[in-house]
Amino acid sequence: MKIVQPNARISDDEFIIGLSTIKSTKTYGDAKSFYQTVDNNLSNDTIMYDVYRTTNETPSAKQDLMWGMTVLYPVLVNNECNMTRGHFHQDQDRSEVYYGFDGEGLLLLMDKDGNTWAEQVFKGSIHLIDGQYGHRLINTTSDKPLKVIACWSKHAGYDYEYVEQNPFSYRVFLEKEKIVAKPNK
Ligand SMILES: [Fe+2]
C-alpha cells in the first residue's frame, strides 16, 4: 500500500499550507463598507482577515467539498467588532460546517425575513450552517485572532449582493470590554 502526504495541513503557526491552498486577504480599504462608520485611525492597508482555501479539484474532476480557514484579526472599527463580509449561498440546499479552531467570536446568522441571531464561537465549537441562512463571522476580542475552519460544497456559490441589499439586522461592538449587539439602523 502506498502512503502519501496530505495535500494540505495546518502549520506550526496555525495557518494552512499546501500545494493546492490559495490565500486571499481582505484589507480595511476593501472592507470599509461593512462597518457602520469609517475609522480614520485605520489605514486602508490594515489586514482585516485572511482566508485560506484548499481543494483537490482538477478541471476534469467532479469533486464537491472545499475546506479552508478564516483568520479574522482583532481590529476594532470605532469599537465595532471586526467581521467577514457575510453571504448567503446561491444554492440554499447546500449547507456548511464551521469549526472553531482558536479565539472567540460569534457566528451571525440571518434568515430571509431579516431575523438575525448568533452562535458563540470558541476553540472546539462546531456549527452546522443550514444553507438557507446568511452567515458572517465576528471576532469579539481586541487581542486574539479568531480562527475558524470551514468545509463547504463548491456548488453552494456565494450570494454577497443579497446581504448588501438586506443587511444583517444587528451589529456587534466591544464597549468597555463588553460585547454589545445593537440593531442595525
Ligand atoms: Fe458559506
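Reader: In what order do the six strands of the open sheet stand?
Author: The order is β3-β4-β5-β11-β6-β9, with antiparallel pairing. Strands here are DSSP runs (E, at least two residues), numbered from the N terminus, and two of them pair if DSSP finds at least two bridges between them. Please note that this is a predicted model: local features need pLDDT of at least 70 and side-chain atom pairs count only at pLDDT 80 or more, while totals for chains, interfaces and linings use all residues. Residues are numbered from 1 along each chain as its sequence is written.

Reader: Which strands stand at the edges?
Author: β3 (21-27) and β9 (126-129) do; each has a single partner strand, so one side of each is left without a neighbour in the sheet.

Reader: And by how many degrees are neighbouring strands turned against each other?
Author: On average by 20 degrees, direction ignored. The axes are lines fitted to C-alpha atoms, and angles run from 0 to 180 degrees between N-to-C directions.

Reader: How many bridges pair β5 with β11?
Author: Eight, in the antiparallel sense, between residues 65-72 of β5 and residues 146-153 of β11. Within this pair, T70 is opposite V148, and L72 is opposite L146. β11 is also joined to β6 (residues 96-102) by six bridges, again antiparallel; there E96 has W152 as its bridge partner.

Reader: Turning to V71, is that residue buried or exposed?
Author: V71, in strand β5, is buried because 22 other C-beta atoms lie within 10 Å. The cut-offs are 20 or more such atoms within 10 Å for buried, 12 or fewer for exposed, and partly exposed in between, with C-beta atoms placed from the backbone.

Reader: With which residues is V71 in contact?
Author: Neighbours within four places in sequence aside, the contacts of V71 are Y49, D50, P145 and K147; contact requires C-beta atoms within 7 Å. D50 lies 21 residues away along the chain, and its C-alpha atom is 5.2 Å from that of V71.

Reader: A change of topic: how many residues has the largest nonpolar core?
Author: It has 34 residues, and L107, L108, L137, I138 and V148 have the most contacts inside it. Such a core is a set of buried Ala, Val, Leu, Ile, Met, Phe, Trp, Tyr and Cys residues joined through C-beta atoms within 7 Å.

Reader: Which element gives the most to this core?
Author: β7, with five residues.

Reader: And what does I138 touch?
Author: Not counting residues up to four places away in sequence, I138 touches C81, M83, G105, L106, L108 and V172.

Note on methods
Helix = DSSP H or I, 4+ residues; strand = E, 2+ residues; numbered from the N terminus. Contact = placed C-beta atoms within 7 Å.
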